[in-house]
Amino acid sequence: MQVLGQMMQLPLLLSSILQHGQRHHGNQEIVSRRTEGDIHRIKRAAGEFGWR
């Protein structure tokens, strides 16, 4: 069933966003700030997140 008026062909899922990030920015560093104020950095190689 096709619903007219939808802008996206796929549902907006977190797994889709993570797969996009892995595919296009896989060797980049991930930087986040914790609620305590310190900065957390992760460097992952492409394909190293263990998704199935």
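Predicted model: local features only at pLDDT ≥ 70, side-chain atom pairs only at ≥ 80, totals over all residues.

Me: What is the mean pLDDT of the protein chain?

Reply: pLDDT is the predictor's confidence in each residue, from 0 to 100. In this chain, 71% of the residues reach 70 or more. The mean pLDDT is 77.

Me: Which pattern does the protein chain follow along the sequence?

Reply: Helices (H or I, at least four residues) and strands (E, at least two) are DSSP runs, numbered from the N terminus. The protein chain has one helix and two strands. Read along the sequence, they give the pattern α-β-β.

Me: In which sense do E1 and E2 pair?

Reply: Two strands pair if DSSP finds at least two bridges between them. E1 and E2 have five bridges, and Val31 stands opposite Arg41 in E2. The sense of the pairing is antiparallel.

Me: Which residue in the turn of the hairpin has a positive phi?

Reply: E1 and E2 form a hairpin with five residues between them. In the turn, a positive phi of about 110° belongs to Gly37.

Me: Which residues does Asp38 touch, not counting those up to four places away in sequence?

Reply: Asp38 is found in the loop between E1 and strand E2 (39-43). Because its relative accessibility is 37%, Asp38 counts as partly exposed. A contact means heavy atoms within 4.5 Å. By that rule, Asp38 touches Ser32 and Arg33.

Me: Is Ile17 buried or partly exposed?

Reply: The place of Ile17 is in helix H1. Its relative accessibility is 46%, so Ile17 counts as partly exposed.

Me: How much of the accessible surface of the protein chain belongs to carbon and sulfur atoms?

Reply: Accessible areas come from the Shrake-Rupley method with a 1.4 Å probe; for residues, only the protein chains shown count as cover. The accessible surface of the protein chain comes to about 5200 Å². The share belonging to carbon and sulfur atoms is 55%.

Definitions and conventions: Residues numbered from 1 in each chain as written. Heavy atoms only, no water. Buried < 20%, exposed > 50% of the residue type's maximum accessible area, 1.4 Å probe, protein only.
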